[in-house]
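Here are a few friendly notes to read alongside the model.

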Amino acid sequence: MDLGLTDRTYLVTGATRGLGFATARELVADGANVVVTGRTEESAAKAAATLGDRALGVAADNADPEAAARLVSAARERFGRLDGVLISVGGPAPGTTADNTDDQWRTAFEAVFLGAVRLAREAAAVLDEGGVIGFVLSGSVHEPIPGLTISNGLRPGLAGFAKSLADELGPRGIRVLGVLPGRIATDRMTQLDSLSGDPEGTRARNSATIPLGRYGRPEEFGRAAAFLLSPAASYINGVMVPVDGGARHGF
Ligand SMILES: NC(=O)c1ccc[n+]([C@@H]2O[C@H](COP(=O)([O-])OP(=O)(O)OC[C@H]3O[C@@H](n4cnc5c(N)ncnc54)[C@H](OP(=O)(O)O)[C@@H]3O)[C@@H](O)[C@H]2O)c1
């Protein structure tokens with residue numbers, strides 16, 4: 001199957017490592033151009049250099065109110081067009097209701113929630129028919145994850161935002177969707193597993209709850225996301241797609 005990605009241009013935020021980078025790598029492998037971002041010049045440049053000539057690295061913090069407009073402009077200036085965005089970002093602080101401070105909630109809201117809203121809004125203003133806006137969210141959209149209270153609070157709201165955006169942009173032929181990782185083996189997952197003091201035991205216990213019996217590999221997420229962003233997925237719209245090895249128990 002031809003995904004139709006050749007010479008299309010995507011902006012992927014939070015893409016110096018992890019799920020964003022894995023998606024950018026698949027997009028480039030199928031002939032797309034990408035703008036990849038992280039919070040430092042160094043991390044962005046390094047990721048782009050790894051991806052090759054079809055990639056531009058730009059330093060931007062999703063919490064920065066100026067970032068969205070700057071990134072959309074950078075993509076159009078460098079590659080002459082923008083066909084889609086995938087909004088990923090560092091995950092919110094772990095913790096329980098009792099642990100998490102107002103500052104942690106505010107920081108997460110700015111980077112994870114409002115940053116995503118702004119990027120979607122800026123992209124929506126310039127995307128043409130066939131464009132796509134994707135959000136990397138979490139299984140917490142459907143089911144709270146113990147110890148990730150802020151994620152449990154913010155992700156379902158972003159899914160609601162994505163759904164209303166899909167209604168607004170559908171008449172222009174622009175798709176909007178969410179991708180919901182379960183447990184994919186990235187730095188973020190290593191960090192979360194380490195909180196218990198027994199990362200290997202935690203990973204083994206978590207793996208036992210997943211029908212496929214293991215964590216996902218970043219490239220397994222990247223391939224799914226690249227497909228969903230591609231013209232080959234042209235009738236998939238307004239949905240939250242789990243990439244979780246079957247961990248979600250609802251339909
Ligand atoms: N991995 C999973 O299985 C999983 C499961 C559920 C949800 N998620 C969510 O999916 C998202 C991506 O996860 P991941 O596993 O790829 O995380 P990760 O391995 O920690 O990578 C995070 C990426 O985001 C960048 N970043 C961090 N804060 C940023 C900010 N404020 N603005 C712009 N870029 C920023 C980091 O780059 P720099 O350090 O260079 O800035 C890095 O490239 C997170 O929100 C996470 O909570 C992941």
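**Notes on the ligand shell and core**

1. By class, the shell around the ligand holds nine nonpolar, twelve polar and seven charged residues. Pro counts as nonpolar here along with Ala, Val, Leu, Ile, Met, Phe, Trp, Tyr and Cys; Asp, Glu, Lys and Arg are charged, and the others, Gly among them, are polar. Please keep in mind that this is a predicted model, with local features needing pLDDT of at least 70, side-chain atom pairs counting only at pLDDT 80 or more, and totals for chains, interfaces and linings using all residues. Residues are numbered from 1 along each chain as its sequence is written, and side-chain values use heavy atoms, without hydrogens or water.

2. Thr16, Arg39, Val89, Ile184 and Thr186 come nearest among the 28 residues around the ligand (a heavy atom within 4 Å). H6 gives the largest share of this shell, three residues.

3. Do look at the ligand's oxygen atoms: one is 2.7 Å from a side-chain N or O atom of Ser43, and one lies 3.4 Å from a polar side-chain atom of Arg188. The protein buries 93% of the 890 Å² that the ligand exposes when taken alone (Shrake-Rupley method, 1.4 Å probe).

4. In the largest nonpolar core, of 39 residues, Leu11, Ile87, Ile133, Phe135 and Val176 touch the most other members. Such a core joins buried nonpolar residues through side-chain atoms within 4.5 Å, buried being under 20% relative accessible area with a 1.4 Å probe, protein chains only. Helix H4 (102–126) is one of the contributing elements, and its nine residues are the largest share.

Methods:
Buried means under 20% relative accessible area, exposed over 50%, partly exposed in between (1.4 Å probe, protein chains only). Helices (H or I, at least four residues) and strands (E, at least two) are DSSP runs, numbered from the N terminus. A polar contact is a pair of N or O atoms within 3.5 Å; within protein, one must be able to donate a hydrogen and the other to accept it, and residues adjacent in sequence count only if both atoms are side-chain atoms.
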